Amino acid sequence: MLMKINHPYHLVTSSPWPILAAFNIMIAMMGFIKFSYHFDLNLMLFGIFMLILTIIQWWRDVIRESTYQGYHTLKVMSGLRWGMILFIVSEVFFFISFFWAFYHSSLSPSIDIGTIWPPLGISPFNAMQIPLLNTMILLASGVTITWSHHGLLENNYNEMIQGLLLTIILGLYFTMLQMYEYMEAPFTIADSVYGSTFFMATGFHGLHVIIGTTFLITCIYRMLFMHFSSNHHFGFEAAAWYWHFVDVVWLFLYISIYWWGN
């Protein structure tokens with residue numbers, strides 16, 4: 001049984017992990033720059049390794065504070081919700097920059113690419129094949145994650161786990177199809193602005209799918225230890241928000257880049 005403790009002295013303490021995470025991201029980015037010029041992976045791998053360790057420690061503390069210590073008061077929960085909302089908003093603007101670049105280049109093609117879109121020599125993907133299948137997969141995953149959430153709200157843990165497991169399987173299937181599409185692509189990221197905008201937009205979306213799938217795997221792991229209840233499950237709720245965001249972004253990508261852009 002999970003308990004809510006709203007005693008004023010039971011507060012979440014200051015955490016060292018945010019500043020350490022930022023520092024490790026800086027190291028990883030410096031390592032990426034070094035790799036770009038000198039093909040030396042050591043610094044980048046070190047930064048990524050330290051970042052993963054930091055995230056594990058950070059999540060451990062959040063889970064311990066919320067589930068076992070009861071430190072997540074209503075005020076703390078409100079802060080977490082607003083933090084997740086603002087994070088998703090920042091991600092929306094992140095993808096807006098890619099859509100802006102795509103429409104800027106496609107609505108008024110420059111003379112450098114032959115004043116046509118797609119540029120001369122580019123063979124785009126058929127929107128009715130793998131891209132359409134991936135769209136159906138993500139739409140289905142939106143249904144299964146909602147089913148899982150409703151199962152949790154009704155204290156039906158079997159439905160919750162089944163829906164969550166199906167969502168994870170669909171996320172992994174989407175990633176596999178995206179990898180296959182990239183391997184079969186008739187153009188590269190270096191092939192004019194079309195290749196750049198296509199691989200940047202779809203590649204970063206694919207990265208978000210991988211992150212979202214990891215988020216959901218963490219949730220099902222926590223569910224096996226009964227960390228969630230019908231009135232105490234923001235970790236799962238945040239993962240569902242993120243997954244729906246990934247679904248919506250893909251719909252815009254499919255309509256813009258795969259269908260309209262071809």
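## Overall architecture

Read from one end of the sequence to the other, the protein chain follows the pattern α-α-α-α-α-α-α, and its secondary structure accordingly comes to seven helices and zero strands. The model described here is a predicted one. Along its principal axes, the C-alpha trace of the protein chain spans about 70 × 45 × 30 Å.

Of the 262 residues in the protein chain, 40% are buried. Among the contacts in the protein chain with a separation of 6 or more, 76% are accounted for by residues 24 or more positions apart.

## Helix 1 against helix 2

Helix 1 covers residues 17-38, and its axis comes within 7 Å of the axis of helix 2 (residues 42-68), the two crossing at roughly 160°. Because angles over 145 degrees count as roughly antiparallel, helix 1 and helix 2 are roughly antiparallel to each other. Helix 1 passes helix 2 in a left-handed crossing.

On the side of helix 1, the contact is made by W17, P18, L20, A21, N24, I25, I27, A28, M30, G31 and F32. Helix 2 contributes L43, M44, F46, G47, I48, M50, L51, T54, Q57, W58, R60 and D61 to the contact. By class, the residues of this contact of helix 1 with helix 2 divide into 16 nonpolar, five polar and two charged.

I25, which belongs to helix 1 and takes part in the contact with helix 2, is partly exposed, with a relative accessible area of 41%.

## Aromatic pairs

A pair of aromatic rings is described by the distance of the centres and the angle of the planes. With ring centres within 6.5 Å as the criterion for a pair, the count comes to 32 aromatic pairs. One of them joins F35 and F39, whose ring centres are 6.0 Å apart and whose planes stand at 85°, so the pair is edge-to-face. F35 is partly exposed, with a relative accessible area of 27%, while F39, at 68% relative accessibility, counts as exposed.

Another pair is that of F198 and Y258, with ring centres 5.5 Å apart and planes at 80°, so the arrangement is edge-to-face. This pair links distant parts of the chain, with F198 in helix 6 (residues 192-224) and Y258 in helix 7 (residues 234-260), 60 residues apart. Both F198 and Y258 are buried, which means that each has under 20% relative accessible area.

## Backbone features in the loops

M226 is found in the loop between helix 6 and helix 7, where its phi is near 60°, a positive value in a residue other than glycine. At 46% relative accessibility, M226 counts as partly exposed.

The peptide bond from W117 to P118 is cis, with omega near -5°. P118 lies in the loop between helix 3 (74-107) and helix 4 (130-153).

Definitions and conventions. Residues are numbered from 1 along each chain as its sequence is written. This is a predicted model: local features need pLDDT of at least 70, side-chain atom pairs count only at pLDDT 80 or more; totals for chains, interfaces and linings use all residues. Side-chain values use heavy atoms; hydrogens and water are left out. Helices (H or I, at least four residues) and strands (E, at least two) are DSSP runs, numbered from the N terminus. Buried means under 20% relative accessible area, exposed over 50%, partly exposed in between (1.4 Å probe, protein chains only). Rings of Phe, Tyr and Trp (its six-membered ring) pair if their centres lie within 6.5 Å; planes under 30 degrees apart count as stacked, over 60 as edge-to-face and the rest as tilted. Axes are lines fitted to C-alpha atoms, for helices over the stretch in contact, and angles run from 0 to 180 degrees between N-to-C directions. Angles under 35 degrees count as roughly parallel, over 145 as roughly antiparallel, 65 to 115 as roughly perpendicular and the rest as oblique. A crossing is left-handed if the near helix is turned anticlockwise from the far one by less than a right angle, and right-handed if clockwise. Contact means heavy atoms within 4.5 Å. Ala, Val, Leu, Ile, Met, Phe, Trp, Tyr, Cys and Pro count as nonpolar, Asp, Glu, Lys and Arg as charged, and the others, Gly among them, as polar.
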